[in-house]
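Dear colleague,

Please find below the structure I wished to hand over to you.

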Amino acid sequence: MKTKNYITTYCLFKCSSRYLVHRSNSNSQYSSQFPGFRCQFSRTSRLLETFLPDPKWNLPSVVPPLREYIGRDLTSASNFSGRTHRIPCRFFGSAPIVMQRNPMFSTINADDITKFKEILGEKNVVQDEEALLAANTDWMQKYKGSSNLLLQPRTTEEVSQILKYCNSRCLAVVPQGGNTGLVGGSVPVFDEVIINMGSMKNIISFDKVSGILVCEAGCILENLVSFLDNQGFVMPLDLGAKGSCQIGGNVSTNAGGLRFVRYGSLHGNVLGLEAVLANGTVLDMLGTLRKDNTGYDLKHLFIGSEGSLGIISKVSILTPPKLSSVNLAFLACKDYVSCQNLLLEAKRKLGNILSAFEFLDSHSMDLVLNHLEGVRNPLPPSMHNFYVLIETTGSDQSYDKEKLEAFLLHSMEVGLISDGVLAQDINQAFSFWRIREGVPEALMKAGAVYKYDLSLPIEKMYDLVEEMRMLLGPAAKVVGYGHLGDGNLHLNISLPDYDDTVLGQVEPFVYEWTSKHRGSISAEHGLGLMKANKIHYSKSTESVSLLEIIDNVHLMVSIKKLLDPNGILNPYKVLPSSLTS
């Protein structure tokens, strides 16, 4: 649920008439006036009720149940007698992966089970088939492992004892949080032991003066959001999967999300963490200082390492105070150039109150309207080429309102906005965010989908979408949306059924295009299994020699081998397996 204090403002933009229409209620704390604007209703005016969600719809949660899509074809890998195993991800956004189980890893035996029960107690050593099926499979049904053991530690000490024993036995492990990843990073590839951190969900401390939260890695993000909201603070991270994802997994993948443009990366917001190395050593880096220049800042090695260097057990994170003035605008633009220019103007005119700038194309909107129950077009009756969500957050309602009005007026005058509306209340704000956050769910319901999370120069982002459309023609629907404010494109290829021919056209074209334009093949989802062998695409060979690329990756491999010499932590992920085995 978004912040509750949305300014009650209703506004209709029409470049042809340039009139702003609003309602106000003198008895409402949300009432808002627009001095200097003439108010007029005409044939083109739109009443608020035409797009407010009907209360009887009882809109569903933004986050779909993790197992909602059970039933897609999966291939179980239960036989390791032959060392070669085809990972069942061939139709899910990456070409077929044929991997070999590392023969150095041991397999689970009865003595191992007995030892884990001594450490955790019997009920936290899970061998139930149904529970293992869920833990072995990622939420999009892209990847499925064959682990026969799920461990649920409750303390850092238990994590330490587990890893110390697994390292001595050379048992491979995969750390797991909410299992909401998209690149196969949180599920086994073969028979790795699953260490689920969900039982470590305590909030350890919160300092209202500094805004520093210290908590365990298994805390669900939405629970932290609710806790901080009650304290008058906000999480600097907001994701569509916040109802399931855990803060340890967020930090391990350096998750970005919807508020990146305002609060930045977790590298800047995480002040400290506690991590357990492969040999059981506990690294206490759980500092709460904003300044500490004593030696290497080792915590940054673990932020974004996807559990391949150590398992994060605790986190300290800087949280900003909750501000009282929040506005959300849902706007339409005629073309992508207008979206870019609108972003530039938003940065200039809104400055420090700009907290989110999201975009989606008409294909994204069409999918959401056709596949999600209870979602309505905020700007009926016509469809527009592009849509933008702009959120502002500040502390002075009148000042913020004045800045927003000036921005909107200027944007209309120069033709950047074709149409638009401002959220009048929390329900309408939720319905706007539901559209943007519901695109992944709509894509899943539409059929087969290949997903790519890319970081690109903003002026080039949509070029890739258009080139992909020309490449594929009518064989597939190419969808583009994402975090325009920080140059993060979510490229999706939607089609009725998975098709090797289409996939062969998409890859490696999408990675080569990204590399050519000096982008990154993973903006916020991580590399996981899907992109581990494609890490070299995130270096441009036009300016960096192949030798330098190899040196960078080898340096990463050296760090991995230093901290995890037996390679038991999340093997086959992040780095090319040929270098880490």
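Two strands are taken as paired if DSSP finds at least two bridges between them; helices (H or I, at least four residues) and strands (E, at least two) are DSSP runs numbered from the N terminus. The model is predicted, so local features need pLDDT of at least 70 and side-chain atom pairs count only at pLDDT 80 or more, while totals for chains, interfaces and linings use all residues. Residues are numbered from 1 along each chain as its sequence is written, and side-chain values use heavy atoms, without hydrogens and water.

Phe359 stands opposite Gly482 in strand 17. Strand 17 (residues 477-483) runs antiparallel to strand 13 (residues 354-361), and two bridges join them.

Seven strands form an open sheet in the order 15-12-14-13-17-18-16, with antiparallel pairing. Strand 15 (419-422) and strand 16 (448-455) are at the edges with a single partner strand each, so one side of each has no neighbour in the sheet.

The second largest cavity holds about 130 Å³ of space. A cavity is a set of points, on a 1 Å grid over the protein atoms alone, where a 1.4 Å probe fits but cannot get out, and lining residues have an atom within 4 Å of a point; points are joined across faces, edges and corners, and a volume is the space filled by probe spheres set on them. Of the 15 residues lining this cavity, Lys560, Gly567, Pro571, Tyr572 and Thr580 are the closest to its centre. In the whole structure, the search finds eight cavities of 30 Å³ or more.

With kind regards

Conventions
1 Å grid on protein atoms, 1.4 Å probe; cavity = no way out; pocket = protein on both sides within 12 Å on 5 of 7 lines; lining within 4 Å.
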